[in-house]
Amino acid sequence: MVTLQAAQANRPLFGNLAQQLYNTPTHGNGRQSLQCSFATKLLHMVNPNAPIYDSLVAAFYFFQEPGRNKPLGQRIAAYVAFHTFLAEEYRRILANGLLAASIQAFRQQFNPQHFTDEKVIDSLLWTYVALLRSGGVTSGTIIYR
């Protein structure tokens, strides 16, 4: 396993990191699991501009997680493709100023010291989907215009 310090000079690839984490049993009985969210968090520590994958971001983009019945390589490839999409989408959002007002409002409200714009986008998406899941539309917290 690459140490975090060594990863600064030689950034690991998401797919390789996901495979390495899978090869490390995560449960007391030796069972393995695919830890894609954790892998993207590790990558974000090395490259703060990298998006973080989680189920809320996946839900926002309607990403269908690959079934556990698929071969591991196909599952990892699907997550890698989605993470690549996220990185490109965040670049597009930032280049076109699509969330500029929301990013500015977030920074004014919370004054995060070490958040990149990509991390702010992650936070906005997480909060939005969490609000939707908790009845944000029916309660009037979120209003479509």
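Colleague: Why is Arg92 called partly exposed?

Modeller: This is a predicted model, and in it Arg92 has a relative accessible area of 40%.

Colleague: What makes Glu89 buried?

Modeller: Its relative accessible area is 13%. Buried means under 20%, so Glu89 is buried.

Colleague: How do you know that Arg92 forms a salt bridge with Glu89?

Modeller: The closest N and O atoms are 2.8 Å apart. The cut-off is within 4 Å, so the pair Arg92 and Glu89 counts as a salt bridge. Both residues sit in helix H5, 3 residues apart, which means about one helical turn separates them.

Colleague: How many salt bridges does a search of the whole structure find?

Modeller: It finds 2. Arg107 forms one with Asp117, and here the closest N and O atoms are 2.9 Å apart. This pair links distant parts of the chain: Arg107 is in helix H6, Asp117 in helix H7, and 10 residues separate them.

Colleague: Why are Arg107 and Asp117 called partly exposed?

Modeller: Arg107 has a relative accessible area of 26%, and Asp117 has 30%.

Colleague: How do you know that the span of helix H7 agrees with what it should be?

Modeller: H7 has 17 residues, 117-133. At 1.5 Å a residue they should span 24 Å, and the end C-alpha atoms are 24 Å apart, so the two agree.

Colleague: Which helices do the buried residues of H7 pack against?

Modeller: They pack against H3, H4, H5 and H6. Among the buried residues are Val120, Ile121 and Leu125.

Definitions and conventions:
Residues are numbered from 1 along each chain as its sequence is written. This is a predicted model: local features need pLDDT of at least 70, side-chain atom pairs count only at pLDDT 80 or more; totals for chains, interfaces and linings use all residues. Side-chain values use heavy atoms; hydrogens and water are left out. Helices (H or I, at least four residues) and strands (E, at least two) are DSSP runs, numbered from the N terminus. The expected span of a helix is 1.5 Å times one less than its number of residues. Buried means under 20% relative accessible area, exposed over 50%, partly exposed in between (1.4 Å probe, protein chains only). Contact means heavy atoms within 4.5 Å. A salt bridge is a side-chain nitrogen of Lys or Arg within 4 Å of a carboxyl oxygen of Asp or Glu.
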